[in-house]
Amino acid sequence: MRVSNVILLIAVFVSNGRSALAADPHSLSPEAAADEVRQVVSLVLEHHPDPFAVTSRADFEQRAAELLDRRAPISIGQQYFDLSSLLGLVADTHTQLHTMPDTPGFERTYPLRFKVFEDGLYIIAGDEHYRDIIGSRIVSIGGIPADEALERLADAAIGEHALRRRVFAENYLYVPESYAAVGLARKDGTVWLEIETSAGYRRRVELDHTWDRRWDEFGWETLNPFLPAELITVHDVFGTEPPFYLQHIDDNYWFTFLDGERYMYLQVNLPFPKEDGEAPMDYHLRWIQALRNSDVEVLIIDLRNNPGGSINLTEPIVGLLAQQYFVHPTLNGVAVLISTDTVSAGSVLAARLEGAIRPVFIGTPTGSAPNLVLEPREEILPHSGFQVSVSREQYIATRESDIRRAVYPDLYWKNTFDDYANGRDKALELARTVDKDLRAKVYAGTSVYTPWLRPSQRDGGAVDLTSAAIDSP
């Protein structure tokens, strides 16, 4: 089907409520499914300010044409993943599809959590039923190698670059519907994993147990690294402590000093008011006063657990710190720790810090771009009942000429499973080595106005220290 024909079909769609549902409440007729495809494409074309920044219009419309050409009834789960794969081509964190409390087929999920490390995909948490596989590496899913299985899921994941979509795909693994949608389940619907246990043994296990946590509950408490409190973690099973940066993720933001006052550690998790009632500005004034009164050598700002929130509540961090950074008598540098879980307001904060004080970024790329598209238009699709959100407004945190899909690390570090399971945080150790010489080297040749044009941001030139030995000072 040519592009012009797709646009014509989209222009004339008419929604008829849920009357076009197939007889099975868990499936849609081809006509109803096509009606929703047209509505989604229409919303993208009408409202999104830059829908083809990553994917060409021709490729987007070709994918829409493929979905319009489906002839058999489509399950609700398949519709979710097909529409998500279409929206994923827009490559925008805030343009996505949501299930609702009454969406058929998404009422239950697996009480498991998964995470990709440098050395593979692992099960990092589960309930009592799955206790004996927590800490295992997944070798294959439904006979498909784990890497390939993740790529299939990533095709329907939301993210502004491939790495973020791959990380987002981890969360689809606790949704039973996802396995059938991308060909990882058997014909009878069963799902089998081949795992390698912590003792090195390989075996097959069936995912035969769910709990009544719906997919629409997907949010802060279910996003990595925010694990539901009811689940048993790998640290519970191994008898170890979580890494330092995961020990207070229930606190929106907090700070402490390490090694006396040599290092100040500030963690910003959720940019929302703290539950104890302390106003955000009062908190920011408190930590900046502590910085001013200390003999700190390195300030470490940890954004690795920051999935976004209020941009306005993080603005004082940048302004207050810019006043102190260049006059503090002992401060030799600022390290900002980032990850693919640093999204939306978290990536904006990283970019603001970059422009104000030129910190050294350590970790993996942020999960979204410094310049975002926000304020989504939300509509309920008439047949499946999914909610589609399409961003409408461009938010510029740096400059329009900054077209990065992420803030990239100057020093790349990604944890291995062994680090995570045994509570080691080598990125934090590396942050302690930041000084004025390293900062000067990282930003050499950049202008005051375009710090993002340094090699680590321009061409992926971050120093990869994943396999290097790091000695604590």
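1. In this predicted model, the count of salt bridges comes to 32, taking a side-chain nitrogen of Lys or Arg within 4 Å of a carboxyl oxygen of Asp or Glu as the criterion.

2. One of these pairs is Asp 82 with Arg 63, whose closest N and O atoms are 3.7 Å apart. The pair links distant parts of the chain, since Asp 82 belongs to helix α4 and Arg 63 to helix α3 (residues 57–68), 19 residues apart. Asp 82 is buried, its relative accessible area being 9%.

3. Glu 297 and Arg 262 also form a salt bridge, with 3.5 Å between the closest N and O atoms. Glu 297 sits in the loop between α9 and β13, and Arg 262 in the loop between β11 and β12, so the pair ties together parts that are 35 residues apart in sequence. Glu 297 is partly exposed at 28% relative accessibility, and Arg 262 is likewise partly exposed at 33%.

4. Asp 402 and Arg 404 form a salt bridge whose closest N and O atoms lie 2.8 Å apart, and both residues are buried. They belong to a network of salt bridges that also links Glu 354, Asp 410 and Arg 454.

5. Helix α4 (residues 76–88), which holds Asp 82, lies across β3 and β18 and runs at about 155° to β3. These strands belong to an open, antiparallel sheet of three strands in the order β3-β18-β17. Because β3 (96–98) and β17 (377–380) each have a single partner strand, one side of each is left without a neighbour in the sheet. Three bridges join β3 to β18 (residues 387–390), with His 98 opposite Gln 387.

Terms used: Residues are numbered from 1 along each chain as its sequence is written. This is a predicted model: local features need pLDDT of at least 70, side-chain atom pairs count only at pLDDT 80 or more; totals for chains, interfaces and linings use all residues. Side-chain values use heavy atoms; hydrogens and water are left out. Two strands pair if DSSP finds at least two bridges between them. Helices (H or I, at least four residues) and strands (E, at least two) are DSSP runs, numbered from the N terminus. Contact means heavy atoms within 4.5 Å. Axes are lines fitted to C-alpha atoms, for helices over the stretch in contact, and angles run from 0 to 180 degrees between N-to-C directions. Buried means under 20% relative accessible area, exposed over 50%, partly exposed in between (1.4 Å probe, protein chains only).
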